[in-house]
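Hello,

Here is the structure we talked about. My notes on what I found follow below it.

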Amino acid sequence: MIVNGIIDAKTEMMDRQPEINTQRDVYQVDALSANNNAPAMADRRPAAKKPPKKKRKCMDYVRKTIPSIDWLFLNYRWSEDFAEDTMAGIAVAVLNIPQGMAYSILGNVEPTVGLYMAVFPVLVYSLLGTSRHISLGVLSVLCLMTGKVVTMYATDGTGADAGTGYTAIQVATAVTMVAGLVQLLMYVFRLGLLCTVLSETLVSGFTASVAVIVLTSQLKELLGVDVARRVGMMQVPHTFYDFADRFHTINWMTTAVSVTTIAVLLVYNKYLKERINSKLCMPLPIELIVTIVATVLFQVTTIAQDYDMVQMGEIKSGLPAFEVPPVKLFSAVFMDACVIALVGYSITMSLALLVSEKLKYPLDTNQELLAQGLGNVVGSFFSCLPSGASPSRSASQQTVGGKTQMASIVSAGIIMVVLLWIGVVFEPLPRCVLSSIIVVALKGLLLQVLDFPEIWRKSKTDGAVWIVTYSTVIVLDIDTGLMVGVVVSLLFVFVKGVLNEVHELGRLPDTDLYVRLDLYGDAVEVPDVKIVRYAGSLNVINRYMFKRKLVEVTRAGCDDASMTMTVTVVDGKHATGGRRPLCVVLDMAALQYADAAGVKMLSESIESLVSDGFDVYLAAVPDSSLEYVRCNNDVKSVRFFPTVHDAVVFRQCSSKKIQDSTYDSQPTKTLNGLQ
């Protein structure tokens, strides 16, 4: 019986709602400071000086600038990590081969350029970067943006040889050099946090729209239709019009190969990928397998020649020669390169932060600028496009078990072998196969449009940013649409910073909690007290909005009868009326910032309320604004309280004392001497 009683008591204690019981005096801010030995503003001592920083030696700066000195040359665990890094490097390399050649098509350059990008920028980043798992190289967005610039400024081979124009690779390397220099300049001025300008919502809308443009640009290769590539405004609608106009020239064999390749990749990714990869030590490189099978098929047959299919053609073997990009092009491509630099860094940094947060290691945003910028500068001397981190390759590098950037070094070594001896074997490969690989890789980005209803439901602001960015990139152009999206995003941030909210609060019965009356049905108004919560900044822009909303809330439902209460006082001969004003408590806990103009308007609003017969209390003013508000507030009758509950209880106690003293002093006679 005793045991059962103990169990029942424990069960009752577990089921009982927890309670907070406290008892203390009601404080005003001045009394609270005095009771806790807080000095007045004038008596406060200056903050103690920070201890002098330890002087860094030259080697400390070198190790900070070149992180690989620590992880590679001093602390690398060869016996534990090298095997896993090697497997991860192999996995990344086999992805780099088809992706590098495929995405080079987007940049309007030779297929081997994508393989160059898997070597030179990667090696630089491996030595200077702080992320252990991202895989630098070709990125569809950057290749497409660079390809647009190449189309604008590149001339034919004759003009370039004659010195009157520029080849495609010269324009591309000029863009790469300028983008790298811009990133290095950002590193010098410590602008690593600039990537936060591109929010996740904006990047989602941007990448989804760029995927549409990439898909549109690949229709020519997928269907074998001979149409000119459109660039600039309205390129997507114009491209679809061109295809409709030239549809009768479609190459049905090219279309069949494209459909077959896409179908194989989609079926594998949806139904077989997880099952097969779970049984292997590294992901099955389905893209490389498809590329090799297609190469062998069209090498041993004459299908491509019989049906006029476009093949890869001559692929140069060996590493690229050192060549300085044309300096005269820098000014022409400067604006496009700046956008490419910002987009590349933002996407790469977002991916790096995602992986580092998952695996719990720190990143240096400014060091990333140095690594990526110098990688682009070095790559521009070796026929490389601007590089970025690929989500698919980075995920493969991390899931296979890669521990450090040694995986990228191994991958770069494998790609160098391919460039030196193996690249030429892909010459018979139809270009439509690579375009099919691009389209399948874009599936996730294309389907991001299905996320828009959920984004809109959660936040109308994010939804507006997403749809504006998505539509303007497709209708206008990549860089123009991105700029519009950034402007709209920053505009919403500015508007949200200016807007303020004023709400009337009520008290939850038997608690000291004060909540919005329009959201909580159980909340009740405190008699004789109007509690108003202000949320937002108080500045020169929104001060009149604040005054208008405050007047609306404080005057709402208040007439002469509710604003005052008349108490009859008899002095034995005459009756007098004593007026007790309604009290207004301003809850300022959500005040973000107040400038001089805003505090002046606060003073004027309080003075107006006091002149109308209100008592005004300020509650929970943040410490960062408290002294500023007090020093610039001309209304001396205002009381400051640390919490709303202190202000309410103080008011109720004061009212009770007034009433008790009033009625206790009344004589037994009433008005007109009647008993």
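The buried residues of helix H7 pack against helix H3 (58-65), helix H4 (68-74), helix H6 (112-116), strand E1 (136-137), H18 and helix H20 (406-422). Before going on: this is a predicted model. H7 covers residues 120-128 and is mostly covered, with seven of its nine residues buried. Those buried residues are Phe120, Pro121, Val122, Val124, Tyr125, Ser126 and Leu128.

H18, one of the H7 partners, spans residues 365-380 and includes serine 380. Is serine 380 buried or exposed? Its relative accessibility is 1%, and buried means under 20%, so serine 380 counts as buried. Leaving aside residues up to four places away in sequence, serine 380 touches Thr173, Thr176, Met177, Glu323 and Pro325.

Helix H21 (residues 431-441) is another mostly covered helix: ten of its eleven residues are buried. The buried ones are Arg431, Cys432, Val433, Leu434, Ser435, Ser436, Ile437, Ile438, Val439 and Val440. What do they pack against? The partners are helix H5 (78-106), helix H11 (200-217), helix H12 (219-223), helix H14 (252-277), helix H15 (286-300) and helix H22 (443-446).

Next, a helix pair. Two packed helices are described by the angle between their axes and the distance between the axes. For helix H17 (residues 330-359) and helix H25 (residues 478-498), the axes come within 11 Å and cross at roughly 60 degrees. Angles from 65 to 115 degrees would count as roughly perpendicular and those under 35 as roughly parallel, so H17 and H25 are oblique to each other. The crossing of H17 past H25 is left-handed. On the H17 side, the contact is made by Asp336, Val339 and Val343; on the H25 side, by Asp479, Leu482 and Met483. By class, this contact of H17 with H25 has four nonpolar residues, two charged residues and no polar ones.

Now the sheet. Strands of a sheet pair through backbone hydrogen bonds, either parallel or antiparallel. Here six strands form an open sheet with mixed pairing, in the order E4-E3-E5-E8-E9-E10. Strand E4 (514-516) and strand E10 (639-641) are the edge strands, and each pairs on one side only. On average, neighbouring strands of this sheet are turned by 35 degrees against each other, direction ignored.

- Strand E3 (residues 501-507) pairs with strand E5 (residues 529-538) in the antiparallel sense, over five bridges. Valine 502 stands opposite tyrosine 534 in E5.
- E5 and strand E8 (residues 583-594) run parallel, joined by eight bridges. The bridge partner of lysine 530 is valine 584 in E8.
- E8 and strand E9 (residues 615-619) also run parallel, joined by five bridges. Valine 585 stands opposite tyrosine 617 in E9.

Last, the whole protein. How many helices and strands are there? The protein has 30 helices and ten strands. Of its 675 residues, 47% count as buried. Among contacts with a separation of 6 or more, residues 24 or more positions apart account for 79%.

Best wishes

Technical notes:
Residues are numbered from 1 along each chain as its sequence is written. This is a predicted model: local features need pLDDT of at least 70, side-chain atom pairs count only at pLDDT 80 or more; totals for chains, interfaces and linings use all residues. Side-chain values use heavy atoms; hydrogens and water are left out. Helices (H or I, at least four residues) and strands (E, at least two) are DSSP runs, numbered from the N terminus. Buried means under 20% relative accessible area, exposed over 50%, partly exposed in between (1.4 Å probe, protein chains only). Contact means heavy atoms within 4.5 Å. Two strands pair if DSSP finds at least two bridges between them. Axes are lines fitted to C-alpha atoms, for helices over the stretch in contact, and angles run from 0 to 180 degrees between N-to-C directions. Angles under 35 degrees count as roughly parallel, over 145 as roughly antiparallel, 65 to 115 as roughly perpendicular and the rest as oblique. A crossing is left-handed if the near helix is turned anticlockwise from the far one by less than a right angle, and right-handed if clockwise. Ala, Val, Leu, Ile, Met, Phe, Trp, Tyr, Cys and Pro count as nonpolar, Asp, Glu, Lys and Arg as charged, and the others, Gly among them, as polar.
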